[in-house]
Amino acid sequence: MKRCLSIVIMLCLSLSQNIHAQSKDQPDKTRMQWFADAKLGIFIHWGIYAVNPTSESWAFHNKHISHANYMKQINGFTAKNYKPEYWAALIKSTGARYAVLTSKHHDGVALWDTKMNDLSIPKKSPAKRDLLTPFVKALRDNNIKVGLYYSLIDWSYPDYPGFLKDSSRYNSAEDPIRWGKFLEFCHGQIKELLKAYNPDLMWFDGDWEHSAGEWRSDYIRSIILQSNPNTIINSRLQGYGDYDTPEQNFPVTRPNSPYWELCMTTNDSWGYQGKYDTNYKTPYEIISIFADAISMGGNMLLDIGPKEDGTIPKEQEYILRELGNWTNKHSEAIFGTIAGMPQGHFYGPTTLSKDSTSLYLFIPGHANGDLTIKGLDSEIKNISVVGINTSLTWKIVGKISWSSVPGLVYIHVPAEVDDKYMTVLKVELKKPLRLYVGKGGF
Ligand code: GLC
C-alpha cells in the first residue's frame, strides 16, 4: 500500500515537473498564441479601497491608516450600480481581447463567495453578492478572454506572516506548520477560482514576499494546468509563469521572455482615488506607449479603478473610448501583428503582418513631411495611410547600383492625413521584409 502511494506521488511529481519544464524552457506557442495576438488587455482594480478612497491594501500596510479603519471600508462597498455588461461592452470597444479583474488584493478581501474564510464581499459588505460570476459571464458573452488577478500575499489572514511594513506575525521558515495552514488556505482559494470560473489567464501578484519553494509555485502551476491546460499564467509566481510583467515604467530594452505585458495605470493609482489622483495620462500618451509595446512584441494591460458602486470614473471612460476609436481605425496594424523592425530603421514604433509583407509605421508626435526608412532591403509595392486608405508617394534616395546598401526611403506624408492621435502607414512589400543592418558602403 505504502509502495503504491509513493509510486503515485512520484508519478505526480514527474508530471508536474514535465509540465513546468516544457513551458519554462520553451513556451508552448500554441497555448500562448491568443495572448500574443491580443495586444491589449484591460486591468481592473476593484475593491473596498474605492470607498474612502485609499490606496489598495498598501494604505494600511504602509500605516497611512490603521488596519481596522481600512477594513471599515467594507461597510460602504455597495456595488449598487455595478453593470458588468456595461463594463464588458466598454472593454470590447477599446479593442482589448482580454480583461483581468482583482479577485482578491493583498488586503485579503475576496470578490467571490470563498468558502475558505469569511473575508469576502458577499459575506461582509452591503453588496452581498459574488461579483465575479456576472463579470466572467459578460466577458465570455463578448468573446473577451477572462483573466483573474489573485494576490498570493494576504496581509489580513491571521496565519499569513506579513502584515504591516515594520511588523510581521511570525517567520515562515521557523514555523512551517503555521505557514502550511496559510498555504492550504491560499491553494484552496486558487482551486475555487479555477473550478468556478475556469480563467483563461491567472494573474498572480505579491510573489516577492516568499520563494517559489515556499509558495509551492510548481504545485500551483500544476493545479492550474491540470484544471485547464490552456490557462496562461503571468510571471509573478517566482519563475513559474509564462510571460514577463514589467510594471508602470516602459522598458527601454525588450524584456527577455518572448511574451510580455506592460501593466500600467491610467493615472498614478491602480484603484479609484477620486480627487487624490487626477494625474491622468492623455489618450496620446497611452496610445504612444501602447504602440511602443506592440512594436517590441509586447502587450499592454491598461488599468482602470471603478468606484465602490461599480461606476467607472468619467476620466477613465474617456481614455478607454478615445483609445478604442484609435485602435478600431488602426486595427489591422495592431491585432494579430508581430513585433516590427529593430530600432534604427525608423524613428517610431513599427509592427509587421505575420507573413512580414506589410510593414506598419506608427508616426509619433504628429510628424509630417518626408519621413525616412533606413536599410529596407525589400521592394515596395504600395504605401497607404491605415484607416483612410489614401495612397502616398515615396522616393528611393542614394541607391548606388554597385552597392548592396539599400537606398533610403523617403515617404511624403501630407499634413491632411494626420490622425487625431497617431497616424499609421502601411508599407506593402513585394516579398517578406528584408533588412540591411550593415555599416554602409566603403
Ligand atoms: C503591485 C502592487 C499592487 C498592484 C500591482 C499591479 O504589485 O502591489 O498594488 O495591484 O502591482 O500590477
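About 40 Å³ of space lies in the largest cavity. The structure is a predicted model, so to speak of it at all takes some ground rules: local features need pLDDT of at least 70, side-chain atom pairs count only at pLDDT 80 or more, and totals for chains, interfaces and linings use all residues. Residues are numbered from 1 along each chain as its sequence is written, and side-chain values use heavy atoms, with hydrogens and water left out.

A search of the whole structure turns up 1 cavity of 30 Å³ or more. Here a cavity is a set of points, on a 1 Å grid over the protein atoms alone, where a 1.4 Å probe fits but cannot get out, and lining residues have an atom within 4 Å of a point. Grid points are joined across faces, edges and corners, and the volume is the space filled by probe spheres set on the points. The lining consists of Trp46, Gly47, Ile48, Tyr49, Thr102, Lys104, His105, Asp107, Val109, Leu111 and Ile121. By class, that gives 6 nonpolar, 3 polar and 2 charged residues (Ala, Val, Leu, Ile, Met, Phe, Trp, Tyr, Cys and Pro count as nonpolar, Asp, Glu, Lys and Arg as charged, and the others, Gly among them, as polar).

Turning to the sheets, 7 strands line up in the order β7-β6-β3-β2-β1-β9-β8 as an open sheet with parallel pairing. Its edges are β7 (232-233) and β8 (261-265), each of which pairs on one side only. Strands (E, at least two residues) and helices (H or I, at least four) are DSSP runs numbered from the N terminus, and two strands pair if DSSP finds at least two bridges between them.

Within this sheet, β1 (residues 40-44) and β2 (residues 98-104) run parallel and are joined by 4 bridges. Glycine 41 has tyrosine 98 of β2 as its bridge partner, while isoleucine 42 stands opposite alanine 99 in β2. On to β3 (residues 145-151), which pairs with β2 in the parallel sense over 6 bridges; lysine 104 is partnered there by tyrosine 150. Lysine 104 also turns up in the cavity lining. As for cover, 7 of the 7 residues of β2 are buried (buried means under 20% relative accessible area, exposed over 50%, partly exposed in between, with a 1.4 Å probe and protein chains only). Helix α11 (residues 283-295) lies across β1, β8 and β9 (299-304), running at about 150° to β9. Axes are lines fitted to C-alpha atoms, for helices over the stretch in contact, and angles run from 0 to 180 degrees between N-to-C directions; contact means heavy atoms within 4.5 Å.

Another open sheet has 3 strands in the order β13-β16-β15, with antiparallel pairing. β13 (369-373) and β15 (394-397) are its edge strands, each pairing on one side only. Neighbouring strands of this sheet are turned by 30° against each other on average, direction ignored. Between β13 and β16 there are 5 bridges, running antiparallel, and isoleucine 373 has valine 409 in β16 as its bridge partner.

Aspartate 418 sits in the loop between β16 (408-413) and β17 (423-429) and is partly exposed, with a relative accessible area of 31%. Leaving aside residues up to four places away in sequence, aspartate 418 touches His366 and Thr423. Valine 385 is 33 residues from aspartate 418 in sequence and 9.2 Å from it in space, C-alpha to C-alpha. Serine 353, in the loop between β11 (350-352) and β12 (358-363), is buried, with a relative accessible area of 14%. Its contacts, again not counting residues up to four places away in sequence, are Ile338, Ser358 and Tyr360.

Methods. 1 Å grid on protein atoms, 1.4 Å probe; cavity = no way out; pocket = protein on both sides within 12 Å on 5 of 7 lines; lining within 4 Å.
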